[in-house]
Amino acid sequence: MTFSAVLFDCDGVLVDSEPITVRVLRDMLQEEGWVMSYEQCYDWFIGKALPDELPTVRKMTGKDLDMEWVMAFRMRRNHALSNEVMAIPGIQDTLDAILRDKPGMIACASGADRAKLVLQLGQTGLLDYFGSHIYSGAETPRNKPYPDVYLAAAQGLGVDPKECLVVEDSVTGATAGLAAGATVLGYCPVPDKQEDLRRLGVRDTFRRMDELPALIARLEHERVQG
């Protein structure tokens, strides 16, 4: 009755990249004429793939921005990440604890492009934890909030997605995990984000990454108890 595998989102769950990425995106949108605060940019774009949002970007800027602009954003974003990104506090010890119980049965399943995932995980010393089990929603037919990337990760690990635990921090990502049939936990270091995830139907939320191993143990005990 234990979970077969644990599937992690990347941004905001493994690495503290979201403030960096949102800052760069806000600045580039402002240069094109769409002025908003950091908080507005975060609420609008977090958890979403920028190529999927190009119609909205074109509407709000009045400019025919295309994938060339997206690639320019990625280059600027990656430069900032390579200088600034850090691992989420406590994530290494948490991954070590989970892998002791489930050797080889973790994956990173993110909506981000693969180059960003490899850069961030390498920069923070997390790349070797996942080996070949790094899955990008940019490479699946549909990105989050659709379940494709989580289904791909479960298939890659050779397990039923319904026996997977997904760790997410955004409504978009949690929606994808739930649609895959997985049990979803919401990592919410900021308390005011907890209610949105709970309303969506995540199994539980937690505020510190070092709480995750004990939370998994409790959920597995509850499954055994029936």
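Helices (H or I, at least four residues) and strands (E, at least two) are DSSP runs, numbered from the N terminus. The model shown here is predicted, so local features need pLDDT of at least 70 and side-chain atom pairs count only at pLDDT 80 or more, while totals for chains, interfaces and linings use all residues. Residues are numbered from 1 along each chain as its sequence is written, and side-chain values use heavy atoms, with hydrogens and water left out.

View 1. Of the 226 residues, 50% count as buried; here buried means under 20% relative accessible area, exposed over 50%, and partly exposed in between (1.4 Å probe, protein chains only).

**View 2. Helix α4 (residues 67-84) carries S82.** Is S82 buried or partly exposed? Its relative accessibility is 25%, so S82 counts as partly exposed. Setting aside neighbours within four places in sequence, S82 is in contact with L119 and Q123, where contact means heavy atoms within 4.5 Å. Look for G122 as well: S82 and G122 are 40 residues apart in sequence, yet their C-alpha atoms are 9.5 Å apart in space.

**View 3. Strand β1 (residues 5-8) is covered on both faces.** A5 and L7 are buried on one side, and V6 and F8 are buried on the other. In a regular strand the side chains alternate between the two faces of the sheet. β1 pairs with β4 in the parallel sense over four bridges, and with strand β2 (residues 106-110), also in the parallel sense, over three bridges. Two strands pair if DSSP finds at least two bridges between them. F8 is a handy landmark: it stands opposite V167 in β4 and opposite C108 in β2.

**View 4. Helix α9 (residues 171-179) has buried residues T172, G173, A174, A176 and G177.**
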